[in-house]
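Please look through the structure below with attention to one of its chains.

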Amino acid sequence: MHEGDEHTFDRGRFLRLGAATVAGAGLIGVPAARAAPPTPAPVGDDVAYVQFAATAELVSVSLGAALTASRAFTAAERRTLTALRDGDKQHLARLAAVLGPDAPQYGDFHIRLPKASALNLRASLLRQATGLAELVAGVYCSGVGDVADAGTRTLLGRLLWSEAQHLSALRLLAGKPAIASGLPGPVSLDDATPRLDTFLGDAEPPA
Amino acid sequence: MNRTLAITAVTTAIAAAAPASASAFNVYAASSLSNAFPALTGSPKYNFGGSNTLQTQIEKGAPADVFASASPTEAQALYAEGRCTRPVTLATNTLVLLVPSSNPGRLSSVYTLRSGGKRLSIGNAGVPIGVYTRKLLARLHLSSILKSNTVSQESNVSQVTSKVALGSADAGFVYKTDALAGGDRVRALTLPRYAQPPVRYQMCAVIRDGANTTAAQSFINRVVSKTGRATLRRFGFGLPPKG
């Protein structure tokens with residue numbers, strides 16, 4: 001019996017969704033052949049959504065590293081998790097390109113990943129990853145309705161679409177249904193900020 | 001008698017414009033370093049002020065030997081002009097929202113400022129603390145608070161701290177180190193980490209005729225030494241990676 005068989009989710013469905021997510025993530029980085037999306041040029045406080053999202057994706061990449069390194073997942077699951085992490089890296093690169101020199105760097109923060117329970121490592125890691133993906137998708141959703149610049153709005157919309165698939169893949173992996181009843185609701189930056197800050201500590205090298 | 005007074009006034013004005021003599025070893029540094037640097041060494045003559053103001057003074061020939069700015073912009077500008085050596089990063093910092101200890105504006109977080117009607121003190125747009133503050137507010141989607149509150153703009157961070165400590169402002173954006181230096185008169189409210197702009201201090205040895213380059217390099221070496229880093233940390237600064 002394969003170690004992954006003990007979980008209740010539909011493996012075939014999960015792997016198909018994982019493949020679709022990877023393909024979707026690719027669309028973020030590669031302009032569609034039919035119509036070039038408008039170049040994002042955040043106006044005024046539009047930058048708040050881009051900055052938040054870039055930092056959240058930075059955390060997501062780090063959390064993804066913990067997931068892919070964990071023996072709590074099968075080899076096939078880890079491949080899909082790796083693809084999800086690659087998608088996050090693409091999101092981060094796209095957002096960093098918009099922010100330029102103001103883009104967050106790994107050295108700017110100490111990324112604090114909540115301690116996963118040793119007793120139920122798999123569930124704990126997935127709960128953290130799902131929570132973060134829900135938060136990011138909610139902020140993308142909020143940003144789509146709020147930003148002034150059309151290019152930034154388009155970018156956030158594309159990222160929302162990709163993040164929703166990412167979230168679905170994580171939910172299936174956790175034995176929960178994929179997002180079937182619509183996208184996650186919008187999350188305001190005010191509400192999202194303290195939740196993201198739980199992952200961030202000051203970067204403090206030794207004296 | 002009148003002539004004597006006039007000479008005295010002129011002499012005083014010159015002294016104020018050039019706070020240290022050309023023959024002394026002079027360190028021009030951002031206001032926020034005004035506690036840490038003298039604790040590290042008392043031997044240089046210090047001139048603390050807004051980084052942009054100090055940069056302008058050096059460009060006009062002020063007798064500085066070392067320049068330390070609260071953002072890379074000013075030091076890098078002097079380096080690009082051939083007026084100082086390649087800048088090195090000596091410290092980092094973070095922004096906080098400072099309120100008087102009595103907190104008359106009843107601020108519980110930066111978001112309280114959305115309600116408007118408060119007296120807010122910030123750095124002007126030319127000085128690093130002012131640039132950082134505006135960047136932070138944009139990242140928090142809070143630039144509107146600069147219109148909904150009564151805003152006074154100061155030319156350096158020490159003036160912002162003083163206004164809050166004296167109760168002339170309900171709140172002000174300053175560096176964490178200034179909040180620590182403010183003691184019991186003030187209280188610091190933390191700001192979201194993701195929105196913090198990277199605050200990096202840089203310093204360089206000034207290149208000019210008659211500059212004391214040996215003393216300047218010795219001072220820079222002391223600041224980045226183990227002792228220097230420990231002193232900066234003691235005053236609340238963050239530290240860049242070694243090397």
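What follows is a walk through chain B of this model. The model is predicted.

Chain B contains 10 helices and 10 strands. Its C-alpha trace extends over about 55 × 55 × 35 Å along the principal axes.

Five strands of chain B form an open sheet in the order β2-β1-β3-β10-β4, and the pairing is mixed. The edges are held by β2 (45-49) and β4 (88-93) of chain B; each has a single partner strand, so one side of each has no neighbour in the sheet. On average, neighbouring strands are turned by 15° against each other, direction ignored.

Within this sheet, β1 (residues 26-30) of chain B pairs with β3 (residues 66-69) of chain B in the parallel sense, over 3 bridges. One pair of bridge partners is A29(B) and A68(B), the latter in β3(B). Helix α4 (residues 72-80) of chain B packs on the sheet, where it touches β3 and β10 (199-205) of chain B. The direction of α4 makes about 30° with that of β10(B).

Another helix, α10(B), can be read by its two sides. Its buried residues are G228(B), R229(B), T231(B) and L232(B). Seen down the helix axis, these residues fall within an arc of 160°, and therefore line one face of α10(B). An α-helix has 3.6 residues a turn, so residues three or four places apart point the same way. The buried residues of α10(B) pack against α2 (36-40), β4 and α9 (213-224) of chain B. On the other side of α10(B), K226(B) and A230(B) are exposed. Just after this helix, G236(B) has a positive phi of about 100°.

The last topic is the contact between the chains, to which chain B gives 18 residues and chain A gives 19 residues. On the side of chain B that touches chain A, the elements with two or more residues are α5 (128-139) and α10 (226-234) of chain B. Here α10(B) gives the most, with 3 residues. By class, this side of chain B has 10 nonpolar, 4 polar and 4 charged residues.

Technical notes
Residues numbered from 1 in each chain as written. Chains lettered and ligands numbered in written order. Predicted model: local features only at pLDDT ≥ 70, side-chain atom pairs only at ≥ 80, totals over all residues. Pairing = 2+ DSSP bridges. Helix = DSSP H or I, 4+ residues; strand = E, 2+ residues; numbered from the N terminus. Axes fitted to C-alpha atoms, helices over the stretch in contact; angles between N-to-C directions. Contact = placed C-beta atoms within 7 Å. Nonpolar A, V, L, I, M, F, W, Y, C, P; charged D, E, K, R; others polar. Buried ≥ 20, exposed ≤ 12 C-beta atoms within 10 Å, placed from the backbone. Arc of directions from axis to C-beta.
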